[in-house]
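Let's take a walk through a protein structure together, one piece at a time.

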Amino acid sequence: MASISIEDVSKVYPNGFNAVRGLSLNVAEGEFMVMVGPSGCGKTTALRMVAGLEEISSGTLRIGDRVANNLTSKERDVAMVFQNYALYPHMSVAENIAFGLSLRKTPKDEIKRKVAEAAEILGLNALLHQKPGLLSGGQRQRVAMGRAIVRDPAVFLMDEPLSNLDAKLRVQMRTEVRRIQRRIGVATLYVTHDQTEAMTMGDRVAVMRAGVLQQCDHPQVLYNKPANLFVAAFIGSPAMNLFEATLSDDGTSLRLGSQALAIDEKVYQSRAGLSAYRGRRLVVGLRAEDLPISAGDQQSATTLKASVEAIEALGSELLVHFSIDAPRVSGEQLADATSLETVAAIDIVGEGIARVEPRSAVRVGEETVFAVFPDRLHFFDPESQIAIS
Amino acid sequence: MRSKISRGVVFAILCLIGISTVYPLIFMALNSMRTTQAFELNPFGLPTHLTLSSYTALFSTVPFLQSILHSLFVVVPAVIMATLASSLAAFVFTKVPVKMGNVLFWTMLMIMFMPGIVVLLPLYVEVARTGLANNFAPAIFIYTAINIPYGTYLLRSNFRAIPDSVVEAARVDGASWFKIFVRVILPIGKPGIITVGILTFLNIWNDLFISLVLLHAPNTEMVTPTLAQLSGKYTSNIPVLMAGLLLGALPTLILYFATARVFIRGMLSGAVR
């Protein structure tokens with residue numbers, strides 16, 4: 001068992017493409033670290049550098065207390081689960097799991113015992129003599145896990161191992177992967193583009209964009225205190241509603257299109273930097289669950305009147321798609337992983353999503369009034385995109 | 001309706017191709033069992049009574065069995081070496097990150113496009129000067145070398161179909177490049193490798209030029225030059241020639257039928273790209 005320490009690591013390809021820029025990340029012994037980001041954000045490249053499948057252009061990689069930059073995959077003692085499982089098609093399940101051990105000249109009876117043990121943990125006992133071609137996606141996934149755990153590696157690397165499974169199986173395997181990892185207690189670096197997977201599985205989650213680490217923290221912290229607009233828009237489903245707004249000169253109200261929200265002292269207490277934005281433009285963020293239907297149906301300084309565009313009934317809740325006349329900052333532009341440029345294009349009509357009680361009286365085409373809690377608002381600088389705190 | 005017609009047309013064309021492929025074999029087989037007179041009277045006629053006199057004539061006029069042995073003696077080691085070398089080269093070109101790998105590959109292809117006749121004369125001069133003419137060893141090595149580029153070319157597209165992640169998984173599992181080749185690539189690429197082996201066998205077995213130049217003494221002659229002796233400028237005993245050609249083609253036919261399923265799989269894999 002060992003920790004992974006990535007210090008200021010970069011990857012520049014021969015064609016000049018900078019896939020990972022100055023990444024620093026620590027995965028403690030036994031920790032489950034998830035790297036998440038849109039495709040092309042450099043997360044897989046980072047993982048492959050740890051695995052020894054990709055050269056490190058600059059920076060230092062440590063596995064345990066050894067510098068691993070120039071070690072081969074074998075010397076690093078890592079185990080990896082691939083997106084397409086990468087099982088050896090000509091070997092049986094048992095041979096697939098045993099391959100790494102037989103390369104290390106492990107005695108035959110020990111191999112047998114370890115394979116049986118892994119098969120027991122993963123429920124593969126009945127399949128040991130089958131070829132991978134005959135297995136279902138979920139079973140192949142488990143064989144790939146088996147191949148990784150049987151070697152007692154120093155660290156575990158997983159490259160979107162669940163993305164080829166159907167939705168139901170994926171949810172089931174999430175808990176299973178976590179259960180196995182907890183049982184073995186090996187530092188794990190797990191890459192995914194699915195933020196739900198990241199939030200539900202990770203002890204900590206590292207959000208990447210265009211090769212740069214945006215924020216690395218516990219899932220709840222990412223959700224409650226996103227460091228910048230990108231993290232705010234990326235983490236959470238539905239995504240955070242982001243609108244362009246202006247703080248009044250005296251700082252007591254926030255103008256959102258034609259409406260104004262009262263901002264009291266409490267808001268400033270927890271966000272010292274906000275007072276500098278008096279009379280200035282900023283981006284305000286509202287989580288969907290922080291917009292309940294207002295009880296009084298009356299407009300006030302802590303409500304937002306919006307027209308209902310569509311309703312998604314999910315049984316336990318309603319997702320109300322609404323529009324207000326404040327410009328919206330679109331998450332799609334933010335999710336563009338390949339550039340770090342500031343958000344330029346802004347929609348004129350701001351659309352958002354509110355998560356409300358299933359019995360709420362809302363109808364498509366009508367106007368409704370949402371209650372707003374000023375201290376639950378998120379504020380971001382429109383230029384630097386950094387959260388105002 | 002239309003699809004029925006077009007399918008009919010395709011079927012007819014395939015039948016034609018099939019017949020034109022098989023007909024020479026049948027022609028050889030039938031005429032090898034006719035007398036010379038019967039053949040000369042009506043070359044395309046059917047045999048009225050069968051005789052094996054051409055076969056006895058074949059064995060008495062030329063050292064046929066001996067030449068088959070000579071051929072096998074050259075072809076088998078050359079096929080094994082060429083196929084192994086092609087597999088290794090294709091593995092390196094597709095799976096191992098080597099500097100200038102593509103340049104090396106295209107250089108090798110260039111050699112493949114060079115007509116064999118161009119290298120023949122310098123080769124002969126070299127072999128004759130070193131006193132190695134009519135010696136099996138240089139012939140084996142030259143055949144091996146000549147067949148490596150084509151085999152590599154075929155196996156490269158074949159090995160490309162093997163996912164890189166399988167090789168990477170083996171690397172992470174702790175396998176050296178050599179172990180990956182032996183324990184992962186060879187078993188997965190088996191159909192392609194066998195196909196290349198068969199094609200190389202055909203190439204060398206059917207070759208006339210190089211064997212004529214390198215092995216021309218009676219005690220080293222391979223099967224094709226031996227058969228060529230049966231066809232003179234003024235006189236040719238066609239039924240005897242047919243008997244020789246049929247027997248000469250027998251090893252390749254046996255090889256094909258023994259491996260037909262793998263061979264077809266190998267020809268198809270990596271074709272759709």
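What follows goes from the overall layout to some local details.

Some ground rules come with the picture: this is a predicted model, where local features need pLDDT of at least 70, side-chain atom pairs count only at pLDDT 80 or more, and totals for chains, interfaces and linings use all residues. Residues are numbered from 1 along each chain as its sequence is written, while chains are lettered from A and ligands numbered from 1 in the order in which they are written. pLDDT is the predictor's confidence in each residue, on a scale from 0 to 100. For chain B the mean pLDDT is 87, with 97% of its residues at 70 or more. For the complex, the predictor gives an ipTM of 0.82 and a pTM of 0.82.

Start with chain A. Its C-alpha trace spans about 75 × 45 × 35 Å along its principal axes. Chain A has 389 residues, and 41% of them count as buried. Here, buried says that 20 or more other C-beta atoms lie within 10 Å of the residue's own, exposed that 12 or fewer do, and partly exposed is in between, with C-beta atoms placed from the backbone. Two residues are in contact if their C-beta atoms, placed from the backbone, lie within 7 Å. Of the contacts in chain A with a separation of 6 or more, 71% join residues 24 or more positions apart.

Which two domains does the assignment give for chain A? They are domain 1 (4–227) and domain 2 (231–380), with bounds that come from an automatic or database domain assignment. Their C-alpha centres lie 37 Å apart. Where the two domains touch, domain 1 supplies 18 residues and domain 2 supplies 12. On the domain 1 side, the elements giving two or more residues are helix H7 (195–201), strand S9 (204–209), strand S10 (212–217) and helix H8 (219–224) of chain A. That side is made up of 10 nonpolar residues, seven polar and one charged. In this count, Ala, Val, Leu, Ile, Met, Phe, Trp, Tyr, Cys and Pro are nonpolar, Asp, Glu, Lys and Arg are charged, and the others, Gly among them, are polar.

Now look inside. In soluble globular proteins, nonpolar side chains tend to be buried together. A nonpolar core is a set of buried Ala, Val, Leu, Ile, Met, Phe, Trp, Tyr and Cys residues joined through C-beta atoms within 7 Å. The largest one here has 164 residues, and A:Met35, A:Val50, A:Val155, A:Leu157 and A:Leu189 touch the most other members. Helix H4 (residues 64–95) of chain B gives this core its largest share, 10 residues. Zoom in on A:Leu157: leaving aside residues up to four places away in sequence, it touches A:Leu47, A:Val50, A:Ala51, A:Val78, A:Met80 and A:Leu189.

How do the chains meet? In all, 17 residues of chain A are in contact with 14 residues of chain B. H2, S6 and H3 are the elements of chain A that give two or more residues to its side.

Next, some strands. Two strands pair if DSSP finds at least two bridges between them. Strand S1 (residues 4–12) of chain A runs antiparallel to strand S2 (residues 18–27), joined by six bridges. One bridge partner pair is A:Ile4 and A:Val27. The hairpin they form has five residues between the strands, and A:Gly16 in the turn has a positive phi of about 95°. S1(A) also pairs with strand S4 (residues 58–63) of chain A, antiparallel over five bridges, and there A:Glu7 is partnered with A:Thr60.

Finish with some backbone details. Most residues other than glycine have a negative phi, and most peptide bonds are trans. A:Asp77, though not a glycine, has a positive phi of about 60°. A:Asp77 is partly exposed, with 19 other C-beta atoms within 10 Å. A:Ala86 also has a positive phi, about 50°, and counts as buried, with 25 C-beta neighbours inside 10 Å. Last, the peptide bond from A:Ser237 to A:Pro238 is cis, with omega near 0°.

Methods: Helix = DSSP H or I, 4+ residues; strand = E, 2+ residues; numbered from the N terminus.
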